[in-house]
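Subject: Handover of a structure and notes on its features

Dear colleague,

Please find the structure below, followed by an account of what was found in it. I would be grateful if you would read the two side by side.

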Amino acid sequence: MKQIVKTDLYASKAPLEWAVIGNGTLYTAQIPIDTAGQVVAGGIEAQSRQTMDNLKHTIEAAGLGMQDVTQVLIYVTDRAFLPVFNQVYAQYFEAPYPNRAAMVIAGLAREEMLVEVVAYAAVPDA
């Protein structure tokens with residue numbers, strides 16, 4: 001059985017939830033959109049920060065903390081974006097860090113997006 005995590009993030013028109021919990025795990029994917037559903041301007045640093053802010057908001061909406069995140073999958077559209085993303089990412093986690101993978105891909109669902117993050121978190125006593 002899955003439980004929807006209610007957030008204050010933009011209500012997407014796509015058939016999705018920003019996060020669900022099932023079998024003791026929170027599943028979420030986050031993109032660099034603001035409260036109006038617009039991709040933020042300002043390049044990879046601004047988009048990385050918005051994506052990580054959205055992730056943190058979602059984790060906290062589930063009653064968890066960033067220390068509960070167990071794995072992060074990072075998608076960027078240019079290899080040169082990874083160092084900037086890493087600088088922003090490091091501000092949201094402390095050791096022990098989640099397991100993670102980073103992928104350089106041709107594009108994301110919205111052409112103006114430069115980054116997307118998929119994350120999994122352990123839900124205690126779920």
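Helices (H or I, at least four residues) and strands (E, at least two) are taken as DSSP runs and numbered from the N terminus. In these terms, the protein chain holds 2 helices and 6 strands, arranged along the sequence in the pattern β-β-β-α-β-α-β-β.

Two remarks on provenance apply throughout. The model is predicted: local features need pLDDT of at least 70 and side-chain atom pairs count only at pLDDT 80 or more, while totals for chains, interfaces and linings use all residues. Residues are numbered from 1 along each chain as its sequence is written, and side-chain values use heavy atoms, with hydrogens and water left out.

Overall dimensions

The C-alpha atoms of the protein chain fill a box of roughly 40 × 35 × 20 Å along the principal axes. The radius of gyration is taken over C-alpha atoms, and the globule rule is 2.2 Å times the number of residues to the power 0.38. For 126 residues, a compact globule would come near 14 Å, and the protein chain agrees, with 14 Å. Burial is assigned from relative accessible area: buried means under 20%, exposed over 50%, and partly exposed in between (1.4 Å probe, protein chains only). Of the 126 residues in the protein chain, 43% are buried. With contact defined as heavy atoms within 4.5 Å, 69% of the contacts between residues at least 6 apart in sequence join residues at least 24 apart.

Thr58 and Thr7

Thr58 lies in helix H1 (residues 43-61) and counts as buried because its relative accessibility is 0%. Leaving aside residues up to four places away in sequence, Thr58 touches Val5, Thr7, Leu9, Trp18, Ala19, Thr28 and Gln30. With Gln30 there is also a side-chain to side-chain polar contact of 3.2 Å. A polar contact is a pair of N or O atoms within 3.5 Å; within protein, one must be able to donate a hydrogen and the other to accept it, and residues adjacent in sequence count only if both atoms are side-chain atoms.

Thr7 belongs to the loop between strand E1 (2-4) and strand E2 (19-22). A polar atom of the Thr7 side chain lies 3.2 Å from the backbone nitrogen of Leu9.

A pocket is found on a 1 Å grid over the protein atoms alone, as an open set of points where a 1.4 Å probe fits, with protein on both sides within 12 Å along at least five of seven lines; lining residues have an atom within 4 Å of a point. Grid points are joined across faces, edges and corners, and a volume is the space filled by probe spheres set on the points. The largest pocket holds about 180 Å³ of space. Its lining includes Tyr10, Ser12, Lys13, Trp18, Arg110 and Glu116. The lining residues divide into 8 nonpolar, 1 polar and 3 charged, where Ala, Val, Leu, Ile, Met, Phe, Trp, Tyr, Cys and Pro count as nonpolar, Asp, Glu, Lys and Arg as charged, and the others, Gly among them, as polar.

Lys13, in the loop between E1 and E2, is exposed, since its relative accessibility is 76%. Ser12 is found in the loop between E1 and E2 and is partly exposed, at 28%. The side chain of Ser12 has a polar atom 3.0 Å from the backbone nitrogen of Ala14. Between Ser12 and Gly37, 25 residues apart in sequence, the C-alpha distance is 7.4 Å.

Arg100 in strand E5

Arg100 lies in strand E5 (residues 99-104) and is partly exposed, at 30%. Its contacts beyond four places in sequence are Val72, Ile74, Asn86 and Tyr89. The side chains of Arg100 and Asn86 form a polar contact of 2.6 Å. Val72 is 28 residues from Arg100 in sequence, with 4.6 Å between their C-alpha atoms.

Backbone geometry

Most residues other than glycine have a negative phi, and most peptide bonds are trans. Asn23, although not a glycine, has a positive phi of about 50 degrees; Asn23 is in the loop between E2 and strand E3 (25-30). The peptide bond from Ala95 to Pro96 is cis, with omega near 0 degrees, and Pro96 lies in the loop between helix H2 (82-89) and E5.

With kind regards
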